[in-house]
Amino acid sequence: MTRLYIKVVMMLVLFSVAGLALAHGERNQEPFLRMKTLHWYDIKWSIENDSTVQVNEEVTMSGKVHFFSRWPEQINMPDTVFLANATPGPVFVRVGTWLNDVPMIQSTGVEVGRVYDFKVVLKARIPGRHHVHPMFNVESAGGLVGPGIWMNIAGDANDFLYGVETRTGIVIEDLETYGVENVVKWHAFWAILAVLWLAWWVRRPLLINRFLWVKDNNWSALITRTDMMVGGILLVFIITVLIVANQITEKTYPRTVPLQGGKVEVQYVPNPEEGLVEVKNHTSEYYLPGRTITIDATITNNTGKVIQIGEFMSSNLRFVNKKLPIAMAGVDEGYPAELVPNKGLILSDDSPIQPGESRRLRMEATDVAWETERLSSLLNDPDSSYGALIFFFDEEGNRYTSEIYGQILPTFFDK
Amino acid sequence: MNATTSGLFFRPGVVALIGLLIALMSMSMSPAAYAHGGRAAEKDECSFRAEGHMMHFTAYQPTESNREELCKDIAATANTIFVLDIIDEVLRTVPVKIDIEMKTNETFDSFISIPAKMYETGSANFDLSDLVPGIYRISASLQAAESHMHTEEHKHRAGFLEFSIKSKEELNEASVFEEYSWVFYLFTLMVILLVISNKFLSRSK
């Protein structure tokens, strides 16, 4: 009765702290994780936002991911990362992932301050409406997700088939069920053996008698000759089964590759335009009532060409300079609207920046998304600093990317 | 086995009590504790729906409480900044009218009315000063039904959120009890559980 009582109480504890999980779980991540780790851009999906695919159809997500150079000190450096996808459970099967065209079957290590091309291919499995993101799992930091879109899967989950042809020509109709029968048989065999071994010991008095034998130093009564004989026979039997089973397996699957451990190496692609546009943050403020981040920064143009500021991006939010057509052209039709704030990026001086010029200006990024995405809670962090990318464009349409970061303070005064 | 010789924390009644304490503390954390940062805006007690569209109300009193986000109980001080976040993306191109009404004799009369306009950033803010203590409500109504693809027959129904303006003294008195009332309830429950577990233990001896 007491144990039941305790179990009921423990269940109450679990029920009281559990909650309902919905989309946009990335909002629960700390702002510093979302702003100063990964910046995803040029994301393309093979289907449109909120469109429908059938069970067994494949979809592809691709784009670029920038590992921020001011990586947070609170988490490990990205020496061990794994490219994956964020979905509400296995509603898609991950067919393959690539980073700079290198298959990401294993984990890898990346360098901060570098950009990598990624690609994720998924196969639709469970019908429903699902929010799907690309994601990097970073050791000690957890999953860091990129922008996501809604995908509807229609059809019957029972129709899902994930077939492959091995390199030796064996055709496997469905990986989900391949070899499962064999696994069940062997599990049942070992389970029965284990139960028999337990039963051998449990059938005799266990606790009180043995306690008394130990008390009387009657060690030989604890394990009898019959016990040792049965144990010996079982040992020989098990080893024999293992040898025979291994031989059967070798014969059935003569060519196997061990499950790969370790990490695969990925080289970053050097960017010849890196550092050509220097950005220095002077002050940054968050105007709370207006949901506006204001940044006072100096931009130095070392590209040798005339450039303009096109976009300010942080935590998957894209504040685009709407006065610059080439920047607007970079927003694909169908890109999630909640990630491209309406008002865009406002500049105190949006005239072109000449080669060699250093210009100090103010940038304003206003949207309620700072609140709904819970990014403004960075003001409650011991390290209230932000990180973002700024995209510049020259007259030929070339793009230059620079990082910007700095401390940010709250204000109630709209300047 | 003699129950008194076992460790205190392994006694069944104490285990049950600790577990129940944890459960009650979790459950007794009222929605107020989740407001503004503890929960997503959509699940906040300061959120309300206007014709099915989510709105979120916040008030700031920088000179009194710095960045603290208020909504249900606001002190009647000199300067208060009201912010209404229009969370649903679709409303960025729909004119929204904001009204604040004050309760007088069981009815709500207009206090401030902000004409309908579009809020492309999804947020509206305005300053109010010298608020008189009382019960108010902030409401949002969506205008221009045709631009929002609704017919004239299905007019938008304004949604609202009630809040109170209280004098500082009233707020301090009420807030102490409201903030710590759970302690009294929990203490009462602890006493009851201790009595039950003691009876149980003495019976099992």
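How many Å separate the centres of domain 1 and domain 2 of chain A? Keep that in mind as you open the model, which is a predicted one.

**Stop one: the domains.** Start by colouring chain A in three pieces: domain 1 is 22-168, domain 2 is 180-252, and domain 3 is 277-411. Now for that opening question: taken over C-alpha atoms, the centres of domain 1 and domain 2 of chain A are 46 Å apart.

**Stop two: a sheet.** Next, find the open sheet of five strands in chain A, whose order is 19-20-16-15-23, with mixed pairing. Select 345-347 (strand 19) and 409-411 (strand 23) of chain A: these two stand at the edges, and each has a single partner strand, so one side of each has no neighbour in the sheet. Look along the sheet and you'll find a twist that averages 30° from one strand to the next.

**Stop three: one pair of strands.** Zoom in on Ile346(A), and opposite it, in strand 20 of chain A, is Glu364(A).

**Stop four: Gln308(A).** Now pick residues 307-314, strand 17 of chain A, and pick out Gln308(A) there. Is Gln308(A) buried, exposed or partly exposed? It counts as partly exposed, because it has 19 C-beta neighbours inside 10 Å, and buried would take 20 or more. Leaving aside residues up to four places away in sequence, Gln308(A) touches several residues, including Leu324(A), Asp350(A) and Phe392(A).

Last, select Val241(A) as well: 67 residues from Gln308(A) along the chain, with 73 Å between their C-alpha atoms.

Key: Residues are numbered from 1 along each chain as its sequence is written. Chains are lettered from A and ligands numbered from 1 in the order in which they are written. This is a predicted model: local features need pLDDT of at least 70, side-chain atom pairs count only at pLDDT 80 or more; totals for chains, interfaces and linings use all residues. Two strands pair if DSSP finds at least two bridges between them. Helices (H or I, at least four residues) and strands (E, at least two) are DSSP runs, numbered from the N terminus. Axes are lines fitted to C-alpha atoms, for helices over the stretch in contact, and angles run from 0 to 180 degrees between N-to-C directions. A residue is buried if 20 or more other C-beta atoms lie within 10 Å of its own, exposed if 12 or fewer, and partly exposed in between; C-beta atoms are placed from the backbone. Two residues are in contact if their C-beta atoms, placed from the backbone, lie within 7 Å. Domain bounds come from an automatic or database domain assignment.
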